[in-house]
Amino acid sequence: MSFVQWNCRSIKNKQIWLHQPPFSTSSFWIFQETFLKADDNLSHPNKIFFRTHRSNRLGGGLLIGIPKNLCGRVVYSKEDDPNLEILAVEVHSKNQSFTVINIYAPHGFNINPITTFLNSLHTPTFIFGDFNLHHPLWGGNSQSSFSEDFVDWLNNSNFTLLNTSTPNHIINASTYSIIDLTLCSASISNETECYVFDCSFESDHIPIVISWIKLQNACRNIKTIKWNPIIEKSIEIFNSTDQPTIDTITSQISLTISNHTTNKILENKDYPPWWNAACHNFSRLKKYAWKKARSTISSSEWINYKKYRSKFKFHFKRAKDNYWDNISRISQNPKMFFKILNKLSNHTNPNVKNHDIIFHNNRYVTHPKTQSDLFAKHFSIQSTEVQPIPIDYGSDNEILNRNIEFWELKRAIQKTKISTPGADNILAIWFKNLDDASLYKILFMFQQQLDFSVLPKNWKHAIILPIPKPNKDKTKLTSYRPIALTSVFCKIFERILAHRITNYLTCQKKLNSNQHGFLPFRDNHTAIYKIFTAISEARKNKNFFCWCKSRY
């Protein structure tokens, strides 16, 4: 379900626009300055309206419209104050209760009179309103008198600002500002999306649309990839190309995979997290066989029903076991595994700021494209210089310069995990299902890359995802670590070279003795044992020992 917030500047002469998007597609209406009086009639076949109006003067007025299939009650209202109008409605759906607050402050919003009320709310809350406040936090070029108090309250509260830096108020033909704000509880901020509409509908304020995933119909998107026709088409591509290159093969294979990929949307049912395409298909076949067996009382139909029921149980159990096995691989220690799950379920720290904004160079950045540019620049600067590996790349080094063999390619493909692909959308399972003739073509392409030392264009393109570090300030760039989704072609080629270089360095004993990561027969346990031994010897000999904290 979605919300639309709009300062309509008199709803009477703009009711025709309520039949157009985004009003016709939104479940909740939150309007300011309706200019409605107590005796004005406003109705809608699918909405229940809660209103306030000014009794002593013209203008003002608030409206909250909710769907008729939901229940609501007014929990707070304030309409006689000339500087502040507030309407708060508590909404109850089938599985969720939340509060919607509508605010209009014609001379600037003073947060102090309603701080006690806002802090007393325990249910998820949305705050919409025309605040008439300017501040750099939401992209303003100036600062209002009450804006600093509001920002201080926001930083110390359990609310998150949803606005981007897109203007929503038209001052004149060339001047815009942001005075209509939208907030929500921090616990549901990751479930909401907010954007400004592209039309003002004869008002000087532009509507803001907010969608909340939790109120939408429970739907699952199951991706089904038909690998048999993909592999057959891939073999045809390899056979029809005399001298294949990685760039041409990648583009053709990516197009083939996208043409044989379908998405099934499952709605109006709470499916378990391990529900996949096999469970869905055999569940439908089981229901169809059940109906047919009951209508035509036949032994063959009952046999078919039992067959599909057993297959459904088999695939359901296998999907469930695989799902929990993958989660349980996080830690082999049950106590540690419970701690990890507990941290995941209680990941929000009240002492840590949790905003969808980035603070950079004494300014708040809210636009997604600007944020992505900042992350790209920050992560590129973070790449530090490393000491060159002591390797002789001369022509006499046969261990490193020999041709790539077929068994090296097979082993690299076997050890590559089936994870999220890169920009080319080619998964590791595609390599695992190819025949030997196609793999020899890939081996020939890898050997060309090794001989000419020229990287394909697709290998230089990676999708960078910033992952927030736990219990860190989300407004700082340093609180995120990057994850790069690269091409699986590149991963396999890197795995071949990495195994060859690691084998060479290990046999020649050219690695530092303190190196424990990414080496065979060494891991974090050997590093911990070495540190524990050093601490024990230092305490025994009464020597000083240096301990590094917060390295990463």
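Colleague: At roughly what angle do the axes of helix α10 (residues 406-415) and α13 cross?

Modeller: Axes are lines fitted to C-alpha atoms, for helices over the stretch in contact, and angles run from 0 to 180 degrees between N-to-C directions. Here the axes of α10 and α13 come within 9 Å. Their crossing angle is roughly 115 degrees.

Colleague: Before we go on, what pLDDT do local features need here?

Modeller: Residues are numbered from 1 along each chain as its sequence is written, and side-chain values use heavy atoms, leaving out hydrogens and water. This is a predicted model, in which totals for chains, interfaces and linings use all residues, side-chain atom pairs count only at pLDDT 80 or more, and local features need pLDDT of at least 70.

Colleague: Back to the helices: is α10 roughly parallel or roughly perpendicular to α13?

Modeller: Angles under 35 degrees count as roughly parallel, over 145 as roughly antiparallel, 65 to 115 as roughly perpendicular and the rest as oblique. The axes of α10 and α13 cross at roughly 115 degrees. That makes the relation of α10 to α13 roughly perpendicular.

Colleague: How many charged residues does the contact of α10 with α13 have?

Modeller: Asp, Glu, Lys and Arg count as charged; Ala, Val, Leu, Ile, Met, Phe, Trp, Tyr, Cys and Pro as nonpolar; and the others, Gly among them, as polar. In the contact of α10 with α13, five residues are nonpolar and one is polar. The charged ones number five.

Colleague: How far apart are the axes of helix α12 (residues 436-452) and helix α13 (residues 488-508)?

Modeller: α12 and α13 pack at an angle of about 65 degrees. That makes α12 roughly perpendicular to α13. The distance between their axes is 11 Å.

Colleague: How many nonpolar residues does the contact of α12 with α13 have?

Modeller: From α12 come I442, F446, Q449 and L450, which meet F489, I492, F493, I496, L497 and R500 in α13. One residue of this contact is polar and one is charged. The nonpolar count is eight.

Colleague: Which residue of β12 is the bridge partner of F128?

Modeller: β8 pairs with strand β7 (residues 97-104) in the parallel sense over six bridges, and there N102 stands opposite F128. Five bridges join β8 to strand β12 (residues 180-185), and these two run antiparallel. In β12, the partner of F128 is T182.

Colleague: How many of the residues of strand β8 (residues 125-130) are buried?

Modeller: Buried means under 20% relative accessible area, exposed over 50%, and partly exposed in between (1.4 Å probe, protein chains only). In a regular strand the side chains alternate between the two faces of the sheet. Both faces of β8 are covered, with T125, I127 and G129 buried on one side and F126, F128 and D130 on the other. The buried count for β8 is six of six.

Colleague: Does N132 count as buried or partly exposed?

Modeller: N132 lies in the loop between β8 and α2 (147-156). Its phi is near 55 degrees, a positive value in a residue other than glycine. At 23% relative accessibility, N132 counts as partly exposed.

Colleague: Last one: which residue does a cis peptide bond join to P21?

Modeller: Omega of this cis bond is about 10 degrees. The second residue has its place in the loop between β1 (2-7) and β2 (28-32). The residue joined to P21 is P22.

Technical notes: Helices (H or I, at least four residues) and strands (E, at least two) are DSSP runs, numbered from the N terminus. Contact means heavy atoms within 4.5 Å. Two strands pair if DSSP finds at least two bridges between them.
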